[in-house]
Amino acid sequence: MKKKLFLSFIIFGGLSAEAQYSRYIVQFTDKKGTPFTLDNPSEYLSSQSMARRIKQHIIIDSTDLPLTPAYVDSILSQPGIQFLNLSKWFNQILIKIT
């Protein structure tokens, strides 16, 4: 009985195994080179977001700018890297490396 239980555990445990991967957060130091400016926020903020900011008296600052595409592209052009998510407020991306 113990042998059958152990064998079934090995078989079903092996079926659920996945490839190993690691997740990393890459944080950029600045947003220099971004094609967007603070003078024209309608290019990167929705109309609802801009209306909410006006209503709540929140100024638009550099944390609202999108990430610099050249920075992101330089990371994602490396082999074996998969993009998972980004945060423009924290100026970082989440990647997965197999």
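This is a short chat about a predicted model of one protein chain.

User: How many helices and strands does the chain have?
Analyst: There are 3 helices and 3 strands. Since the model is predicted, that applies to the prediction.

User: And in what order do the elements run from the N terminus?
Analyst: The order is α-β-α-α-β-β.

User: Which strand does E2 join, and how many bridges are there?
Analyst: E2, residues 81–87, is joined to E3, residues 92–97, by 6 bridges. The two strands run antiparallel.

User: Where does Leu86 pair in E3?
Analyst: Its bridge partner there is Ile93.

User: What about the turn, how many residues sit between the strands of that hairpin?
Analyst: The hairpin has 4 residues between E2 and E3. Asn91 has a positive phi, near 55 degrees.

User: Switching topic: what is the salt bridge count?
Analyst: The count is 1. Arg53 pairs with Asp64, and their closest N and O atoms are 2.6 Å apart. Arg53 lies in helix H2 (residues 47–55), while Asp64 is in the loop between H2 and helix H3 (69–76), 11 residues apart.

User: Is Arg53 buried or exposed?
Analyst: Arg53 is buried, at 12% relative accessible area. Asp64 is buried too, at 2% relative accessibility.

User: What share of the chain counts as buried?
Analyst: Of the 98 residues, 23% do.

User: Last one, on contacts between residues at least 6 apart in sequence: what percentage join residues at least 24 apart?
Analyst: The figure is 59%.

Technical notes
Residues numbered from 1 in each chain as written. Predicted model: local features only at pLDDT ≥ 70, side-chain atom pairs only at ≥ 80, totals over all residues. Heavy atoms only, no water. Pairing = 2+ DSSP bridges. Salt bridge = Lys/Arg side-chain N within 4 Å of Asp/Glu carboxyl O. Buried < 20%, exposed > 50% of the residue type's maximum accessible area, 1.4 Å probe, protein only. Contact = heavy atoms within 4.5 Å.
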